[in-house]
Structure formats: C-alpha cells, structure tokens
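Biologist: Could you put the model up, so that we can go through its charged pairs together?

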Amino acid sequence: MTSPTPQAPVRRPTAADGFVVVDKPQGWTSHDVVGRLRRLAGTRKVGHAGTLDPMATGVLVLGIGKATRLLTYVVGADKDYDATIRLGVATTTDDAEGSVAALGDPSAVERVGRGALDTAIADLTGDIQQVPTSVSAIKVDGRRAYALVRAGQDVELQARPVTVSRFDVLDVRAATATVPEVAANETPVEDPAGLDPGARPGVAPTAAEPGDGPTRDVPVVDVDVRVTVSSGTYVRALARDLGAALGTGGHLTALRRTRVGGYELAGARTLERLEAQADADGTLATLPLADAARATFPVRELDDDEARALGYGQWVQPSGRPEVVAALSPSGTLVALLEDTRRRGENLAKPVLVLAPAVG
C-alpha cells in the first residue's frame, strides 16, 4: 500500500498592498513578526519600518507589496516610548536581557531623589550626543556590533547626534532586585555626578549571570518614563546614561513603543487578532496605500492631467513644500511621492516614486 502524497499547505490569497500596524508581543523579534505576516498575507513581499528588540512590545509598522517602498520614509519618523529604567544595576546589554555588569552602592541608590533625577534627565533632553549601546545592529568594519560583542571583542561606538524632545517621569519607586552574590573580582560603578566623593560608588561581578551561584537582594529605584525621540535614538542608552550620571548604574527593564510617526498604538492589532481576521475573511486586511500615505506625508490632491502625467513619470508644477509629498488622484489613489526641485531654472515637482504607473 502506497503512502499518501503529502499535501502542501493551502496558500492564502495575497493581501492588498498596504500597511499593517502590529502590537508586537514580548519575546518576538521583528523578523519573527515579518515571518508571521508573510504567511498571513500570502506573500514574501513584507518588510518592517524599524526594529523592536525582543524584550520590547508595541507599534511595529509593516508594509505589504508596493507599500514596502514607503517604509524607508516611516523609519525616519520620531517615536514615542513608555519605559521603566532601573537605577542601581548596570547590565552588559543596557537592558534586562543582559547579565549584571556592575552594582550601585546602596547608599548612592538611596540618595536618588527627584531633584537629582530631574537634573540628570534635563541633561539627556534636547539635542544630545549619544553613544549607541554596544549590542546594537550598527556595523563596525562590516560586522554588526552585537556580533562582535558576542564574539568577545570590545566594541567602541562613536557618539551620534539624536534628539530627545520629551523625557517625562511618570513614577518613581524604591524596589529590590535579585542579583548574583558579589565575587572577589569587583567592578565599581563610577560616580561622575560626584554625589558623594568620599563614598565607594559600588561593586559587582563582571558579566555575572543570575544562575551562576548564590544571589542576594539589592536596593534599586525604578523610574517609569515617557519619551519622544528621533530616529536612531536608543532608549536603552538613555537608561545607561541616566544611571551613569547618577552614579548608580542603570538599565532598561521594560519598553513599549506607543507611536511611530503617524501610527499609534490605538491603531495596532495583535498577531492573534490579525490571524483571526484573516481566517474569518479569507484575506488579511491592510491599511490602503492612500491611507498609509496620509498618515506619513503631507498630501497633494491632483487633477486628472497631473495624475496622468505623474503616471508616465513626468514632472508637474511644484507643491511648495520642502518635504516629500504624497500625490493622490481625484479618485483617491496614491499615484506618486513628489519632491520639489529645480530643473533648467524652473521650480518643479519630480516624482521620486511612482506607485500607480499609467497604462497604455
């Protein structure tokens, strides 16, 4: 008797071009989410606009089909995050997924008051120079920084200009954290703020894992914050630098992205909801290209002649705006993205991306 021929999984109908805003669950990489959306959307043409670490949750904007060509413009948008910073413990990754690198002296942690906190936060607000976390995806000599760190190499990244336009404290509370027992080889936390020059700033085993041996509880201060940052800003690095400024060490214990440009958490859907919707309707629902463009760019309404010209890749009269503009046809179709420029001494708008080419 012959074995039955294995049946290939049924492929879903391909979803319409557009965006899907996902509320990423904790423990998933951004690539994991892309993989799930490829299955739900019935296409491999899926990308995302800005990585979220596995520990983080919240808004992850994904593009499907032609919408992947718009993602580069979303990546550069500013972002909102809710986060919890733990003062008193520094880690190798600047977040809760790393091992303990240093502990703050208990007396230094107990001295953290709202006045000192506000002063240190003020210095981390506005246009600042930030050294990215060493386990970032930034390339060093052609290799990702995190890969070099995992290989045991020391990585020194250059400071980069970023903007922290909001850094609000929502809550401050004393707590305790369980850490490995102090070993013979001790690494002090520096006290650049000079809170107590005569005090021993702090000690800890280097890169000790919680399961390495005996543990103990140490005092910490947990600070809930809400930040608005420019693209390329590492909230983990803000936690690290806040702890350094206060002489306690610090790392991130929770991170939730609540907005990317014009896309907010209220409009995001969980993977469970997306799967249930796709199962019920047969096709994954997307945010149409025109609606995605309205949430990302200023909009220019075209007349029929302009829409036809842009469909052929021709230039049109200027939009009068310095940024890229989404050009919509009278029927509401996203025809192109436009950018004003000069050609032969004349101000014109050129199509930098045509999404609805003319037919015939």
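Modeller: What follows is a short talk about salt bridges. This is a predicted model, in which local features need pLDDT of at least 70 and side-chain atom pairs count only at pLDDT 80 or more, while totals for chains, interfaces and linings use all residues. Residues are numbered from 1 along each chain as its sequence is written, and side-chain values use heavy atoms, with hydrogens and water left out.

Biologist: How many salt bridges are there by your rule?

Modeller: The count is 19, where a salt bridge is a side-chain nitrogen of Lys or Arg within 4 Å of a carboxyl oxygen of Asp or Glu.

Biologist: OK, what does E275 pair with?

Modeller: E275 pairs with R39, with 2.9 Å between the closest N and O atoms. Because E275 sits in helix α7 (residues 271–281) and R39 in helix α1 (residues 30–41), the pair ties together parts 236 residues apart in sequence; helices here are DSSP runs of H or I, at least four residues, and strands are runs of E, at least two, numbered from the N terminus.

Biologist: And which residues are in the network?

Modeller: Salt bridges link D78, D80, R166 and R259 into a network. Within it, D78 and R259 meet at 3.1 Å, N to O, and since D78 lies in the loop between α2 (71–75) and β4 (79–87) and R259 in strand β12 (residues 250–260), they tie together parts 181 residues apart in sequence.

Biologist: Is R259 buried or exposed?

Modeller: R259 is buried at 14% relative accessibility, whereas D78 is partly exposed at 33%; buried means under 20% relative accessible area, exposed over 50%, and partly exposed in between, using a 1.4 Å probe and protein chains only.
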